[in-house]
Amino acid sequence: MKYLLLIYSNPESWEHPIFLRTPEFLAMAPDERAELTRQADELHREITESGEFVVGTALADPVTAKTIRIREGVPVATDGPYLEAKEQLAGYFVIDCDSPERAAEIAARFPDARFAAVEVRPIMDMSGQEM
């Protein structure tokens, strides 16, 4: 089954990987920061080698976004993301694993989950069936 892991973060520290720029990460002792970075690298290597990693990418700063709506048949563009929120979507990973529990386990191991949030969403095909 495929899952979308949505990584959220505060756009004030927008540069990837996001967790390396958070005040909480920067306040950690150097050896703690090194260990968390090592764990993130280990997780990526693990899910790549196991075949669970499908694709992942970072997103550009939310200030570069445009939100498009159709109003009275006319497209209307608004600069920036639609949501007025402290945390914005920073990037995503698609994983293919055996269970929702495994997807949650992987998400919890992303450093971003420690400092902001990682949302886990099952992916559906066009028929509405989970993939």
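This is a predicted model: local features need pLDDT of at least 70, side-chain atom pairs count only at pLDDT 80 or more; totals for chains, interfaces and linings use all residues.
Biologist: Which strand does β1 join through eight bridges?
Modeller: Strands are DSSP runs of E, at least two residues, numbered from the N terminus, as are helices (H or I, at least four residues); two strands pair if DSSP finds at least two bridges between them. Here β1 (residues 2–9) runs antiparallel to β5 (residues 88–96). Within β5, Ile 7 has Gly 91 as its bridge partner, and Tyr 3 stands opposite Ile 95.

Biologist: Where in β6 is the residue opposite Tyr 3?
Modeller: Tyr 3 faces Pro 122 there; β1 and β6 (residues 117–122) are antiparallel, with six bridges. Strand β2 (residues 53–58) is joined to β5 by five bridges, also antiparallel.

Biologist: How many residues line the largest pocket?
Modeller: A pocket is an open set of points on a 1 Å grid over the protein atoms alone, where a 1.4 Å probe fits, with protein on both sides within 12 Å along at least five of seven lines; lining residues have an atom within 4 Å of a point. The lining here has 21 residues, with Ile 7, Pro 17, Phe 93, Phe 110 and Asp 112 nearest the centre. Helix α2 (30–49) gives the most, six residues.

Key. Residues are numbered from 1 along each chain as its sequence is written. Side-chain values use heavy atoms; hydrogens and water are left out.
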